[in-house]
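This briefing is meant for a reader who is meeting the structure for the first time. Please keep the sequence and the 3D view at hand while reading the points that follow.

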Amino acid sequence: MNLETMTEILKMYDLSIPLYIWILIFPILLIVFRYLRRSNTKLVGPRRGIDRTLTYPRQYAIGWYYLCDSDEILRGHIEHFYRLGREMVAFRGDDEHRQVSVVEAYCVHLGANLGVGGRVVPGTNCIQCPFHLWEFDGKNGRCTKIPYLNGKIPEKACLQVYPSVERYGMIMIWYHPLNEPPHYEAICIEELFEKRFEFRGTYRYPNINMHLQEFTENAADIQHFGPLHGQMLVPWTEWCVPFVNIHHTPSFSFVDEPWKIMFYNTAMLQIFGRKLESTKVDASIIFHGPGSITLFRFDGKFGRLYLFHTNTPCEYTKLNVVFRVFAERKISRFLSWYIVGNWVAQWQRDLFVWENKIHKRSPILVKTDGPIMKLRRWFNQFYLSKEDNDKDVNVNDW
């Protein structure tokens, strides 16, 4: 049975799943038990005398970061986090506004951890220390009450507050090592507020052993698409689909907003070497800041799907990666699961490289490698200069 005959047979059925999905599924079902193979790629263990993490910049990039989903912070509750090398707590006020606040975890008085035994003062947006019951306003961090003090509260009795935005069901925080206010606004796509889009789920991949810069730099490295992403994979797995390849047409551009870059890719399937135009998907990716929050937009005959891909460091070379999916309601849940699963499977193809490589500060490049060094110069805006880095204010320095 050739490809044309199989296509005509499938067209006879009125199925809600797009034709090109059935074109993929049908041969997979026929040969899956014989041909599918799991990748044997393993992470290389620690090497004697080499600490690859030391080759990377010892800074956390300035920008907006995903902290958690909104529903993880309940009214009047506190959650403790370790992100960007800092201890912090997030809590939702118990007043009518129910606003989320994110502050440093340790009380400025004698250092008690507000995330262990602390509480939200009922009816307020204040957090109370469990040690001496000092209370702090979540909006500005100022101490509002010391129960055993009749006089004026010291001006320095103030917690570090991380500017935060609650949008699209997630909480984003602004990080600056010198605690400067936001240099640009958190990501906002008006279209996602429309009723035709709905949330389709969160997928978490904690403790990825890589540096944030590697993810962003990957967008400029157009020559890696063939070797790592040219093979079709079974969604959510490392299994290759035999005889099915992916043809990529990537491009990359800087835009007017200095904190933003755009990446574009048109992908379509090749089955037995033949390109299938009906499978073409156009992807546009916004790097909103240093790659900590990126937004993928997938457009095809099926409709439009948005995928937030967030990277939040705990340590310099350890990321918590979270995917959050929004799709047009007309897109079936199976199809959105399939599209996201394809992206995650391809992203996982990069991991064995990212988690084992070093950072080459002066790489040997050729003309067709892509604008890697140009991207590095752009990325440097999210790092402190050497002089400013020496003044780094870490609220966890005791």
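Predicted model: local features only at pLDDT ≥ 70, side-chain atom pairs only at ≥ 80, totals over all residues.

Which residues does Asn 218 touch, not counting residues up to four places away in sequence? With that limit applied, Asn 218 touches His 224, Asp 350 and Trp 354.

**The chain as a whole**

- The chain has 398 residues, and buried residues make up 51% of them.
- Its secondary structure consists of seven helices and 19 strands.

**The cavities**

- Two cavities of 30 Å³ or more are found in the structure, and the largest cavity holds about 670 Å³ of space.
- The lining of the largest cavity is made by 34 residues, and those that lie nearest its centre are His 248, Asn 265, Ala 267, Phe 298 and Trp 343.
- At least two residues of this lining come from each of the helices α2 (19–35), α4 (225–229) and α5 (333–354), and the strands β13 (240–254), β14, β16 (281–288) and β17 (293–300) likewise supply at least two residues each.
- Helix α5 gives the most to the lining of the largest cavity, with a contribution of nine residues.

**A sheet of three strands**

- Three strands in the order β1-β10-β9 form an open sheet, and their pairing is antiparallel.
- The edges of this sheet are β1 (63–69) and β9 (164–167), each of which pairs on one side only.
- On average, and with direction ignored, neighbouring strands of the sheet are turned by 30° against each other.
- Strand β9 is joined to the antiparallel strand β10 (residues 170–175) by four bridges.
- Within this pairing, Arg 167 has Met 170 of β10 as its bridge partner, while Ser 164 stands opposite Ile 173 in β10.
- The two strands β9 and β10 form a hairpin that leaves two residues between them, and Tyr 168 in the turn has a positive phi of about 60°.

- Asp 95 is found in another part of the chain, in the loop between β3 (86–92) and β4 (100–104), and Asp 95 counts as buried because its relative accessibility is 13%.
- When residues up to four places away in sequence are not counted, Asp 95 touches Arg 75, Gly 123, Thr 124 and Asn 125; with Asn 125, the separation is 30 residues in sequence and 6.1 Å in space, from C-alpha to C-alpha.
- Val 322 has its place in strand β19 (residues 318–328), and Val 322 counts as buried because its relative accessibility is 5%.
- Leaving aside neighbours within four places in sequence, Val 322 is in contact with Tyr 66, Thr 202, Tyr 203, Arg 204, Phe 308, His 309 and Thr 310.
- Between the C-alpha atoms of Val 322 and Thr 312, which are 10 residues apart along the chain, the separation is 8.4 Å.

**Places with a positive phi**

- Most residues other than glycine have a negative phi.
- Against that background, Leu 133 is not a glycine and yet has a positive phi of about 65°.
- Leu 133 lies in the loop between β6 (126–128) and β7 (135–137), and Leu 133 is partly exposed, with a relative accessible area of 40%.
- Phe 272, also a residue other than glycine, has a positive phi near 55°.
- The place of Phe 272 is in the loop between β14 (260–271) and β15 (274–275), and Phe 272 counts as exposed because its relative accessible area is 64%, over the 50% limit.
- Tyr 168, in the turn of the hairpin formed by β9 and β10, also has a positive phi, of about 60°.

Conventions. Residues numbered from 1 in each chain as written. Heavy atoms only, no water. Pairing = 2+ DSSP bridges. Axes fitted to C-alpha atoms, helices over the stretch in contact; angles between N-to-C directions. Buried < 20%, exposed > 50% of the residue type's maximum accessible area, 1.4 Å probe, protein only. Contact = heavy atoms within 4.5 Å. 1 Å grid on protein atoms, 1.4 Å probe; cavity = no way out; pocket = protein on both sides within 12 Å on 5 of 7 lines; lining within 4 Å. Points joined across faces, edges and corners; volume = space filled by probe spheres on them.
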